[in-house]
Amino acid sequence: MALNKRERKNTELKVALAGNPNSGKTTMFNELTGSRQHVGNWPGVTVEKKTGRAFYQDYSLEVIDLPGTYSLGAYSEDEVVARDFLTAGDYDVVLNIINSANLDRNLYFTVQLLEMGVDLIAVLNMADEAEKKGIKIDKNKLSQLLGTPVVETVASRGRGIDNLLEQTVQNRDLSEASLKINYGSDIEDLISEVVEMLKQYDFSQQINQRWAAVKLIEHDPEAVKLLEREVGASKAKKIKSLIAERELKAEDDFDNVIIDKKYEFINKVIAESVQRPTADEEPENVSDKIDAVVTNKYLGIPIFMAVMWAIFKFTFTLGDPLIGYIETFFEIAGGWIGTQLLEIGVSPLISSFITDGIIGGVGSVLVFIPNIFLLFLAIGVLEDSGYMSRAAYVMDKVMSKLGLHGKSFIPMIVGFGCNVPGVMATRTLDSKRDRIISILINPLMSCSARLPVYVVFAGALFSSHASTVVFSLYLMGIVMAVIMAGIFNKILFKGERSHFVMELPPYRFPTLKGVIIHMWEKVGAFLKKAGTIIFSVVVLIWVLANLPLGVEYASAESFIGQFGQLVAPIFAPLGFGSWQAAASLVFGILAKEVVVGTLGVVYAAGEGGLRTALLANFTPLAAYSFLTMVLLYTPCIATLGAIKSETQSWKWTLITASYLFVLAWITAFVIYQGGMLLGIGV
Amino acid sequence: MPLAMLRQGETACIKEIVGGRTARGKLTDMGFVSGKTVKIHRSSGGPLIVGLGDNRIALGRGMAHKVIVDNKGCEN
Ligand SMILES: Nc1nc2c(ncn2[C@@H]2O[C@H](COP(=O)(O)OP(=O)(O)OP(=O)(O)O)[C@@H](O)[C@H]2O)c(=O)[nH]1
Ligand SMILES: [Mg+2]
C-alpha cells in the first residue's frame, strides 16, 4: 500500500514479517538477520516489534519481526502492535509467514492483507510438516489465484531462504493492485456508494478506498474511529446511517456475510491449488496421543507438577557439583592472586579490591553459571516442545477459580526465567483486568536471579535437604501467586469476562539449534549483568565498606555497616537483624543476584568463604525466613520498569512494589516466629 | 445446539457463531466459520479441546456456547 513509504535508496528495503502466531516468523527473522530472538512452540512468543538487518547481493534489508496475529482485528496488546505497524504502511514488502500445514486459517489473514493492498510475498513455511501430511500445494496456481508471489521455506532448517531473499528484492515494486473478493450484489453496491462518498474527502486519497469501505460496512471500530477523526462526527454519521439502513433490509448481518465470503474465496483457492490425501477417517496423530494423557482430567495437574519437579531437579542436582568446581577455582584463584599481589608490592587496598570486592562479590555470583545454564536449557526444551500451551490448558482449572483463565498461566511460566519477559508476556491477554492481575502476581514466580541466593544458603545450611528447601520456595511462590490472584480478583475492579481461545500447536522435537541459541542468549545476558550492574553495585559496596577512611574493612562502623544498621531493625523480628542481611536486601532491589554479591563482599573477610560465614551468622530457621523474604519481597528495578511501561501507571507499579514487601515481611514473620515457638531449626 | 453440549469424540458441523462482536471476531479468526467440521477431542468439565481440520484449539465453555453446530455433520 505504501502510504508513508519513506524515500529509500534503491538498494534499501524495509521488510516486515507478519502472519499467524507460531507460524515461524521469529525463526525466519533469526535466519535472515543472524539475530537470536526468542523462538518457542506456542502462540504469542513475540510480543513486541524487533528490528534486524539482512544483506543480499547489493541489497540491505531492514527486517522487522512482528507479534503473530490471526487477523487485523487486534484483540490484545501484542496484536495491536502488529496491526498498527501493518496499517501504518511504512514498509516496502511484507513477508507473510504461513504455516503450510494449516493453510485455510493462515490464508484468512493473507487475504485481509491483500485486500488492504499490502505488497506481500506469501511464504509457505513449515513445508516439511505439510509434506509429511501429504499436502501438495501448487505454488504457481496459488500465486496466480492470490495475485502475489509464493515461496516455499522451512525456516527451522534454513531451507528456501535464498530463494525468499531473491523473490523479495525482485518484487520490491509489486503492483499497487489489491485483491478484490466479490461480496455479492447487495454489499458490492453499497461498497461503490461508500467509496463515492469517501472520495470527497482528502484522507481517502492515501488509503485503499474499497478496503476502507469494506471495513466500515463491517463496523470495524478502528475504521469508524478513523472516519470520524478525519471527516467529523456529523459527516461520518451520514455514511454510517447509509450502511445501517441497508443492513436492516438485508437478510443477514453484513459482517457475517463478509466473513463467509472471505472463507468461501479461500476454500475455492485451496480447492484449486491444494491436494490432500483423502483419508476417510483422519488417523489420530502423535500429538493427539500425547494430549490424551497430558490433558487428562486427573493426570493433567500431577503431570505438570512432575515436569516442574524434573526441571528443577535437573537444574539443581546436575548443577551442584559444577558449582563446587567453580567455587574451588575462585577460592584458589583468589588466594593465589592475593599473595601474588602482595609479593609484587601492590598496596593492600588494591589487593582487597580485587580479592574481596571483585572475586568475593562478582565471583560469588558467577559461581552459579551452571545453574543458569541448566535452567535455561530445560526451559528452552519445555518451550520448544509445545507443552507450554498444554500446561496453560491444564492449569485453567486452577486459574478459573481465580477469575483468570488458563492463558494467564503462560506469563507465569515465562516468569520462572525472568519476570521482565513474564510481565511483557501478559500482552497476549485480551482483558485489561486479567492483564493487571497477571502483572501484579508475576514477580512471585521465582526467577533465575533468585536461584543463586537459594543455592548458596541451602548449600551452607541445609546440606542434605538443600533441594527440598529450594523446591519448597518455588512452590511457595506459586501458592502465594494463587492466593494473591484470588484476593485481587475479589477486591479489584470487576472487569469484562474474558474469552478463552488458545491454539495447541503440534508437539515438535526441540531443535538443538533453537535450544542452544536460547540458552546462550540467557547465559550471555547473565554474564553481561554480572559485568555491568552486579559489578558496579559490588564495587560501590566495597567502597562503602572502606569508608570513612581508616575504618576497619566491612565493619559495623563502615558506611555500609552504618547504613545496614539503620535498616536492620525492620528485619530483626524476622530473624535476620544483622546489618549485612539488611544491606544485601536493600541493594538486592537493583538486581536479585546482588544479595549474594553483597554478602560476598561484606563477609569476604572471613576464612573459608561465604558458606562458612553464613553458617556462623544464620540459624537454619533464620535462613529459611531470609530466603522467603528474597523470594517474595519488592521486585528488582528491571521488573518494576517493565511493570511501569506495560501498565503505563505509577499506581500499579507502586502497588506491586509495596504489597510484595508487606507480603514478604508477614510471611517471613510467621515462618520465623512460628518456627521459634515450635522450636524448629533454631 | 451449542458446541459445548457435544460429547467427547463427537463431530458436528458449524452452523453459525453467535455472541458479541469480540467473541465472534476471535472465533472466526481462529477458523470457526459455518460449514466447517469440528470434532470434540476433550470434554471433561474444563475447557474443551476441539479439532478444526488439523488444528487443535482449547476453547472455554463460554466460548463453546457461542458456536452453534449441527451434530448430523456437514453435507457432502
Ligand atoms: N517443522 C518446522 N518447524 C518450524 C519451522 N519454522 C519454525 N518452526 C518451529 O515453529 C515454532 C514457532 O516458531 P516461532 O519462530 O517462534 O514462531 P512465531 O511465528 O515467531 O511465533 P509468535 O512469535 O508466537 O507469533 C518453533 O518451535 C519453531 O522451531 C519450519 O519451517 N518447520
Ligand atoms: Mg515470534
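1. Helix α19 (residues 432-441) of chain A passes helix α21 (residues 466-491) of chain A in a right-handed crossing, meaning that the near helix is turned clockwise from the far one by less than a right angle, anticlockwise being left-handed. Helices here are DSSP runs of H or I with at least four residues, and strands are E runs of at least two, numbered from the N terminus. The angle between α19(A) and α21(A) is about 140°, and their axes are 9 Å apart. Axes are lines fitted to C-alpha atoms, for helices over the stretch in contact, with angles from 0 to 180 degrees between N-to-C directions.

2. The model is predicted, so local features need pLDDT of at least 70 and side-chain atom pairs count only at pLDDT 80 or more, while totals for chains, interfaces and linings use all residues. Residues are numbered from 1 along each chain as its sequence is written, chains are lettered from A and ligands numbered from 1 in the order in which they are written, and side-chain values use heavy atoms, without hydrogens or water.

3. On the α19(A) side, the contact with α21(A) is made by A:R433, A:I437, A:L440 and A:I441; α21(A) supplies A:A481, A:M484, A:A485, A:F488 and A:N489. Contact means heavy atoms within 4.5 Å. By class, these residues are 7 nonpolar, 1 polar and 1 charged. Ala, Val, Leu, Ile, Met, Phe, Trp, Tyr, Cys and Pro count as nonpolar, Asp, Glu, Lys and Arg as charged, and the others, Gly among them, as polar.

4. Helix α20 (residues 451-461) of chain A packs on helix α26 (residues 609-617) of chain A at about 65°, with axes 9 Å apart. The pair α20(A) and α26(A) is therefore roughly perpendicular (65 to 115 degrees; under 35 is roughly parallel, over 145 roughly antiparallel, the rest oblique). From α20(A), A:V456, A:F457, A:G459, A:A460 and A:L461 touch A:L610, A:R611, A:L614 and A:L615 of α26(A). That contact of α20(A) with α26(A) counts 7 nonpolar, 1 polar and 1 charged residues.

5. Helix α24 (residues 579-588) of chain A and helix α27 (residues 620-632) of chain A have axes that come within 11 Å and cross at roughly 15°, which makes α24(A) roughly parallel to α27(A). The crossing of α24(A) past α27(A) is right-handed. A:A581, A:S584 and A:L585 of α24(A) meet A:F626, A:M629 and A:V630 of α27(A). This contact of α24(A) with α27(A) holds 5 nonpolar, 1 polar and no charged residues.

6. α13(A) bends by about 40° at A:D320, with the proline A:P321 following within four residues. A bend is the angle between axes fitted to the seven residues ending at a residue and the seven starting there. Just after α13(A), A:G345 has a positive phi of about 85°.

7. A kink of about 40° in α22(A) is centred on A:I534. The 35 residues of α22(A) reach 48 Å from first C-alpha to last, close to the expected 51 Å. In the loop between α22 (512-546) and α23 (559-571) of chain A lies A:P548, joined to A:L547 by a cis peptide bond with omega of about -10°.

8. A:A74, a residue other than glycine, has a positive phi near 55°. A:A74 sits in the loop between β3 (59-65) and α2 (77-88) of chain A.

Technical notes:
The expected span of a helix is 1.5 Å times one less than its number of residues.
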